[in-house]
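Hello,

Here is the structure I said I would pass on. Please look it over first; my notes follow below.

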Amino acid sequence: MTAPADNFDLVILGGGSGGYACAFRAAELGLRVALVEKDKVGGTCLHRGCIPTKALLHAAEIADSAREGAKFGVRTSFESVDMTGVHAYKDGVIGRLYKGLQGLVKSHDITYVEGTGRLTSPTTVTVGDRVLTGKNIVLATGSYAKTLPGVEIGGRIVTSDQALTLEDVPGRVIVLGGGVIGVEFASVFSSFGAEVTIVEALPRLVAAEDEAISKQLERAFKKRKITALTGARLASATRDGDEVTVTLESGNTLTADLLLVAVGRGPVTDDLGYAEAGITLDRGYVVTDERCRTSVPGVYAVGDIVPGLQLAHRGFAQGVFVAEEIAGKDPAPIEESGIPRVTYCDPEIASVGLTEAAAREKHGDATTAYDYNLGGNGKSQILQTQGFVKVVRAGDTGAVVGVHMIGARMGEQVGEAQLIVGWEALPDDVATLIHAHPTQNEALGEAHLALAGKPLHAHA
Ligand code: NAI
C-alpha cells in the first residue's frame, strides 16, 4: 500500500548529477519530489568520477611544477608523491562538496529516500517495503566502468574506481583504452612518476576528437615519455603475483605493476525492473526521444543511461529539462552537439561542435578550418605550453560550427567557444569582440580574426 505521504509528482531513481539536478529544479518549481539513492547523493561525478580525478590531475600538475621549476628560474625539486596525502587532499575536496550537496537536499523540499529502488510499475518505485508513487518517474541510474571479456577486475587489474584509491604509485602502468579516462589517468600516473603505456584499439588517442587534436596529444605524450600503442587490440590479460601480463592480438606482450581498464562505461539498467515495465532498451541503454521521454508515458530518463555523451553536465541539463517539462514550462530540447567537452590530461583538450571531418560531411567541401598556434599567444608562452585553437567554419552557412583546443588550461576557454558555436556566430561577429591581453583567451579571438580575413598575430 502506498501511504498518502508517498504520493509524488515525480519520483527520481538515482541521485547523481542527472537525478539530483532534476530533484532540485522540480522542487523549486513547486513539485512534490522523491529522490531515491542507494549510496551517496552526488553519484559517480562527485564520488568516483569528475571531482576525484580532477583532484588527482591537479596534484599531478603540482608534481610537474615541482620538477620543472628550473625552467622558470625557480630552484625546486621533486621528491616523491605521498599517496596518503594526495587522498587526504582529494577526499577533503569531495567531503566539502558532499556536505554542501547534502545541505542542498535538506534545504530543497525533497523527500530523500536512502536505499535501492526498483521500478515496479510505470508509476511506482519500490524501496524495501516502501512504495513511492509518482505521476511521473525519472530514471537516472548512471553508469559503471566496463571491462572486456576475459579481463577480470581484481588485484592489480583495476578500473577507474579502484585507481582512485591506490596506496602507492605503481612503477609501470598499462592503460587499456586511449579514450577520455585512459588519457586522463595516463597523464596522472606519468606525472606521479610511473612508466605508462597506453593500448588503444583505434588508430589514434581520443578518437572522438578532431584528428589534429589526437596528433598534438600524441606528440605531447611522446615528449612526456608516455608510450601510446595505437591500433593495438588486447588479446588477454593475466595476473601473476604482483605483475600483470598483457598480450596483444599482434602477439606482443607487455608486463606492468598495474593494468587500468578504461574501455568505456556501460549503463546501470539491469535488474531494475525497466524492461518489465515496458521501457525500450537498446544494448542496455534507455531509448528516449529529444524530450527525454522513454517508450512508457510518464517515465523519463536522464544522464549516462541515455545513449550519447556521458558527461555530468549533460546529465545536469537533462535533469533540469525534465523537471521543467513536467512542470509544463515547455523547455527547449538539449542540442547534443552544443555540449562542451573537456579532457583534463596535460595538455588539456577542450572542444565543442563538429570536428573538421564531420563539418565537411555536413556542410560541404567549402568548409574551412583555421589553426591558431599557441606559439603566438603571450600567456601560453608564459606558461610554456604548446598547442592550438582550431576553428571550423561551415562551407554552406559561413558560421563557426566547431572549436577544438589543446594546451595547458584550455578547458577554461570552452565557455566562449560554446557561445560561438551555440549562436552560430560568423567569424566576423567574433572578430569584433575584444579579448583581454595577455590571456590564452586571445588565441580564440586571434583565430576568428584570421578567419575573418584580418589576422593580427598570425598569417591569414
Ligand atoms: P571512451 O569510450 O572514451 O574510451 C574507451 C577507449 O577504449 C576507446 O578509445 C576504445 O577504442 C578503447 N578500447 C575498447 N576496447 C578496446 C580493446 N579491446 N583494446 C584496446 N582499446 C580498446 O571511454 P572511457 O575513457 O572509459 O570513458 C567513459 C566515459 O566517461 C566517456 O563517455 C567519457 O566521455 C566519460 N568521461 C568524461 C570525462 C571528462 O569529460 N573529462 C572524464 C572521464 C570520463
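Which residues line the largest cavity? This is a predicted model, and in it the lining of that cavity is made up of Leu 56, Met 83, His 87, Ala 163, Leu 164, Phe 185, Val 188, Phe 189 and Phe 192. By class, 8 of the lining residues are nonpolar and 1 is polar, with no charged residue. The volume of the largest cavity is about 40 Å³, and the count of cavities of 30 Å³ or more comes to 1.

Two helices, helix 4 (83-107) and helix 6, each supply at least two residues of this lining. Helix 6 gives the most, with 3 residues. Domain 1 (4-144 + 267-336) and domain 2 (157-263) each contribute at least three residues to the lining of the largest cavity.

Next, the ligand. It is surrounded by 23 residues, and the closest are Ile 181, Glu 184, Glu 200, Gly 264 and Val 342. The shell around the ligand consists of 14 nonpolar, 5 polar and 4 charged residues. Both domain 1 (4-144 + 267-336) and domain 2 (157-263) give residues to this shell, so the ligand lies between them.

- Val 342 has a backbone N or O atom 2.7 Å from a nitrogen atom of the ligand.
- Gly 264 has a backbone N or O atom 2.8 Å from an oxygen atom of the ligand.
- Ala 201 has a backbone N or O atom 3.1 Å from a nitrogen atom of the ligand.

The ligand taken alone exposes 850 Å², of which the protein buries 79%. Helix 6 and strand 10 (195-200) are the elements that give two or more residues to the shell around the ligand. Helix 6 gives the most to this shell, with 4 residues.

Last, the second largest pocket, which has a volume of about 1,200 Å³. It is lined by 32 residues, and those closest to its centre are Asp 64, Asp 346, Pro 347, Thr 385 and Ala 408. Helix 3 (50-68), helix 6 (180-191) and helix 7 (211-223) are the elements that give two or more residues to the lining of this pocket. The largest share, 9 residues, comes from helix 3. Divided by class, the lining of the second largest pocket has 13 charged, 10 polar and 9 nonpolar residues.

Regards

Methods
Residues numbered from 1 in each chain as written. Predicted model: local features only at pLDDT ≥ 70, side-chain atom pairs only at ≥ 80, totals over all residues. Heavy atoms only, no water. 1 Å grid on protein atoms, 1.4 Å probe; cavity = no way out; pocket = protein on both sides within 12 Å on 5 of 7 lines; lining within 4 Å. Points joined across faces, edges and corners; volume = space filled by probe spheres on them. Nonpolar A, V, L, I, M, F, W, Y, C, P; charged D, E, K, R; others polar. Near = heavy atom within 4 Å. Polar contact = N/O pair within 3.5 Å; in protein donor to acceptor, adjacent residues only side chain to side chain. Areas by Shrake-Rupley, 256 points an atom, 1.4 Å probe, with all protein chains shown as cover. Domains from an automatic or database assignment.
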